[in-house]
Amino acid sequence: MSTPISIVILTKDEPEFLDKTVRAIIDRTNYPYELFIVDNYSSLQQQIALLKAYEQNGLAQVVFNNKNQWVLGFNEAISIINDRSDLSTEYIVLTDGDIVVPDPINQVCWLEYLKQKMDGNAVIGKLGLALNTEFIKNDKNFSAIYLNELRHGQGPTIGDLIISPVDTTLAIYRKNLFIFSEFKMLPGHASLIRPYYYICRTSARYGAEHLGWCSYKSPNKEQLSEKVRCFTKYSGYID
């Protein structure tokens with residue numbers, strides 16, 4: 001039997017998005033996995049209740065952080081995973097809590113597909129799912145984002161994969177991706193990737209839905225201000 005791959009979701013105060021993300025993983029993943037959810041110090045009781053329900057129902061192991069450290073929030077769950085001998089020591093999946101994975105194609109689910117592509121391409125260190133742009137392509141409010149997504153899909157290729165930057169949206173990582181000996185996230189982690197690895201995206205055939213785009217038109221100003229502060233503190237890029 002295949003060794004389960006760890007999937008780690010990072011989330012904060014987005015219970016509706018999170019539940020869609022978790023339910024899609026459960027319903028659309030037929031490759032062995034174990035789910036971890038990291039909560040970056042949420043304040044909404046609906047979010048906290050949802051996370052406790054996941055734990056009680058055995059759907060996920062939840063880590064409650066006592067402050068918001070952006071991508072550094074992954075590290076508590078990663079530390080737990082690194083101590084486990086029954087989980088994949090080669091791969092790990094990291095994602096935000098607003099990504100809906102696609103349906104299987106010919107019974108091959110998104111996770112098995114990503115693993116197959118990584119197994120077959122030793123030069124790829126990180127592989128993310130393409131994002132479905134149907135929601136934004138005809139909306140002038142998203143014109144810059146849409147053009148940027150198109151550019152991401154036009155880079156050089158490795159087979160049917162596109163060499164392109166990928167953030168934490170959803171990606172599978174080799175656990176030796178970074179120059180340090182133990183896999184973890186750090187400020188400026190993109191600059192710490194071993195130089196012989198490429199970062200790639202899938203083609204649109206395996207495309208995920210990015211729920212976060214739904215909230216861009218009328219963002220919660222308090223949440224937006226906190227993101228700006230957090231990104232600034234932990235070396236994020238703000239457009």
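The model is predicted, so local features need pLDDT of at least 70 and side-chain atom pairs count only at pLDDT 80 or more, while totals for chains, interfaces and linings use all residues. Residues are numbered from 1 along each chain as its sequence is written, and side-chain values use heavy atoms, with hydrogens and water left out. Helices (H or I, at least four residues) and strands (E, at least two) are DSSP runs, numbered from the N terminus.

**Strand β1**

- Ser-6 lies in β1, which covers residues 5–11, and Ser-6 counts as buried because its relative accessibility is 0%.
- Leaving out residues up to four places away in sequence, Ser-6 touches Glu-34, Phe-36, Ile-81, Leu-87, Ile-92 and Val-93 (a contact means heavy atoms within 4.5 Å).

**Partners of β1**

- β1 and β2 run parallel and are joined by seven bridges (two strands pair if DSSP finds at least two bridges between them).
- β1 also runs parallel to β4 (residues 91–96), with five bridges.
- Val-8 has Phe-36 as its bridge partner in β2 and Leu-94 as its bridge partner in β4.
- A right-handed β-α-β unit is made by β1, α1 and β2 (with the strands pointing away from the viewer, the path from the first strand over the helix to the second runs clockwise).

**Helix α2**

- Gln-47, Ile-48, Leu-50, Leu-51 and Tyr-54 are buried in α2.
- Seen down the helix axis, the buried residues of α2 fall within an arc of 160°, so they line one face (the arc is that of the directions from the axis to the C-beta atoms).
- These buried residues pack against β1, α1 (15–28), β2 (33–39) and β3 (61–64).
- Gln-45, Gln-46 and Gln-56 are exposed on the other side of α2.
- Just after α2, Gly-58 takes a positive phi of about 70°.

**A separate topic: the sheet with β5, β12 and β7**

- Three strands form an open sheet with mixed pairing, in the order β5-β12-β7.
- β5 (99–100) and β7 (130–131) are the edge strands, each pairing on one side only.
- β5 runs antiparallel to β12 (residues 207–210), and two bridges join them.
- Val-100 has Glu-209 in β12 as its bridge partner.

Methods
Buried means under 20% relative accessible area, exposed over 50%, partly exposed in between (1.4 Å probe, protein chains only).
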